[in-house]
Amino acid sequence: METISSRAVPTVQAEREAAIEAVGLCKSFKTPVVAQGRFSGIRSLFSREYTTKEAVRDIGFTVEKGDFVGYIGPNGAGKSTTIKMLTGILHPSSGSVRLAGIDPHRDRLRCASRLGVVFGQRSQLWWDLPVKDSYDILAHMYGVCDADKAKRLGEFAELLDLDEFWDTPVRKLSLGQRMRADIAAAMLHDPELLFLDEPTIGLDVNAKRNIRGFLKVLNEEFGKTILLTTHDMDDIEQLCRRVMVIGGGRLTYDGTVEGLRREIGLPTEIKVTYRAGYVLPRQGDDLIIAADSSFAMRIVSRTESTLTVEVNRQDVRTMDVLRELGQRGEIEDVEMREPDFEEIIRRVYG
Ligand SMILES: Nc1ncnc2c1ncn2[C@@H]1O[C@H](COP(=O)(O)OP(=O)(O)OP(=O)(O)O)[C@@H](O)[C@H]1O
């Protein structure tokens with residue numbers, strides 16, 4: 001399915017066992033109405049009035065093993081609520097979840113050994129203990145033997161530079177260090193599925209690069225299935241083959257990043273450099289019409305030797321654009337700039 005719509009997305013039934021399968025997931029939160037006026041606090045205690053917030057509405061999707069999926073949407077769209085339902089933290093109001101064929105709500109223990117979860121805004125490590133002690137406790141809880149623990153922490157330490165804060169209490173870690181420590185903790189029992197809720201929130205460029213590099217290794221070399229929510233579109237572009245967009249609790253897009261670009265239809269910029277100048281329509285004209293009138297391109301800028309045009313690649317093939325521009329002079333070099341992903345997302349979110 002590669003479409004933007006306001007309707008729920010039908011579930012695709014995987015032929016082999018899927019890593020994640022969500023069917024008709026809904027979650028409503030009931031909150032008591034806060035009374036106004038005198039003694040409002042006391043009256044609220046006895047109030048029977050509630051408002052209902054439908055945070056997630058009829059969401060269904062399948063994620064295959066080894067996939068890396070981005071789950072994005074504006075604030076309050078329902079991302080965290082979905083992750084909490086997928087990981088068994090929250091019970092859906094209706095619908096069902098299967099992780100590697102297991103229901104995380106019915107079979108919590110069996111599921112826990114198969115999945116790791118990282119919440120960027122909250123640590124699962126023990127605040128006052130040195131990082132290494134948190135790992136000892138987690139290894140004990142998940143029944144990881146000493147040899148496996150040493151092997152995995154050795155690998156993670158190298159990839160995430162854990163050595164520099166091994167003995168530091170968690171509360172003294174920088175945000176970037178804490179996030180690295182948390183991701184390593186989530187992977188200590190070697191789960192096949194990793195859920196990350198905003199793992200790069202608040203991090204600087206270097207810390208983000210480090211974490212993205214690690215997630216890439218986990219996915220590409222260790223074959224882990226990863227579902228990630230983020231507000232950072234570089235995370236999506238650099239890591240995810242597939243992106244799902246949620247808005248107002250509903251899934252509005254499920255497909256490739258490239259498909260999302262096409263769907264929104266923002267223009268691509270093509271800049272050609274000519275070896276010895278070019279022939280153009282009159283100065284001031286900002287359109288070049290193809291010789292056979294089959295398409296037009298808008299001129300964004302021009303110098304003596306370069307010409308930058310905008311085309312919508314949904315409507316015209318790059319080859320045709322270059323053939324047309326090639327008739328106006330000998331082309332020496334071509335650069336293409338795809339539409340800014342942030343801009344695409346702004347359009348998707350509306
Ligand atoms: N425990 C709760 N009780 C009542 N309402 C809730 C609860 N948890 C979430 N909500 C509401 O459900 C909606 C979806 O929230 P959710 O945290 O899933 O959004 P999100 O997409 O993760 O947002 P953000 O990007 O800001 O983290 C919001 O309107 C939120 O206020």
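The exercises below work through a predicted model, from the whole chain to its ligand shell, its strands and its cores.

Residues are numbered from 1 along each chain as its sequence is written. Because the model is predicted, local features need pLDDT of at least 70 and side-chain atom pairs count only at pLDDT 80 or more, while totals for chains, interfaces and linings use all residues.

**Exercise 1. Describe the protein chain as a whole: how many helices and strands does it have, and what percentage of its residues is buried?**

Begin with the secondary structure, where helices (H or I, at least four residues) and strands (E, at least two) are DSSP runs numbered from the N terminus; the protein chain has eleven helices and 14 strands. Next take the extent, for which the C-alpha atoms fill a box of roughly 75 × 55 × 50 Å along the principal axes. For burial, a residue is buried if 20 or more other C-beta atoms lie within 10 Å of its own, exposed if 12 or fewer, and partly exposed in between, with C-beta atoms placed from the backbone. By that criterion, buried residues make up 31% of the 350 residues in the protein chain.

**Exercise 2. Which residues are around the ligand, and which element gives the largest share of the shell?**

The residues around the ligand are Phe29, Thr31, Lys53, Ala55, Gly73, Asn75, Gly76, Ala77, Gly78, Lys79, Ser80 and Thr81. Two or more residues of the shell come from each of strand E1 (20–32), strand E2 (50–63) and helix H2 (79–86), and the largest share, three residues, is that of H2.

**Exercise 3. Locate Gly78 and decide whether Gly78 is buried or exposed.**

Gly78 lies in the loop between strand E3 (68–72) and H2. With 25 C-beta neighbours inside 10 Å, Gly78 counts as buried. For its contacts, require C-beta atoms, placed from the backbone, within 7 Å; not counting residues up to four places away in sequence, Gly78 touches Ala55, Val56, Gly73, Ile246 and Gly249.

**Exercise 4. Trace the pairing of E8: which strands pair with E8, and in which sense?**

Two strands pair if DSSP finds at least two bridges between them. On one count, four bridges join E3 to E8, which run parallel, and the bridge partner of Ile72 in E8 is Val245. On the other, strand E8 (residues 242–247) and strand E9 pair in the antiparallel sense over six bridges, with Val245 bridged to Tyr253 in E9 and Ile246 standing opposite Leu251. The hairpin of E8 and E9 has two residues between the strands, and Gly248 in this hairpin takes a positive phi near 55°. As for burial, five of the six residues of E8 are buried, and five of the seven residues of E9 (residues 250–256) are buried, so E9 is largely enclosed by the rest of the structure.

**Exercise 5. Why is strand E6 largely enclosed, and which strands pair with E6?**

Five of the five residues of E6 (residues 193–197) are buried, so E6 is largely enclosed by the rest of the structure. Both faces are covered, with Leu193, Phe195 and Asp197 buried on one side and Leu194 and Leu196 buried on the other. Strand E5 (residues 115–119) runs parallel to E6 and is joined to E6 by five bridges, where Phe119 has Asp197 as its bridge partner. E6 also pairs in the parallel sense with strand E7 (residues 225–229) over five bridges.

**Exercise 6. Which residues have the most contacts inside the largest nonpolar core?**

A nonpolar core is a set of buried Ala, Val, Leu, Ile, Met, Phe, Trp, Tyr and Cys residues joined through C-beta atoms within 7 Å. The largest has 63 residues, and those with the most contacts inside it are Phe195 and Met244. Helix H6 (residues 175–187) gives the most to this core, with seven residues.

Technical notes:
A residue is near a molecule or strand if its C-beta atom, placed from the backbone, lies within 6 Å of it. Two residues are in contact if their C-beta atoms, placed from the backbone, lie within 7 Å.
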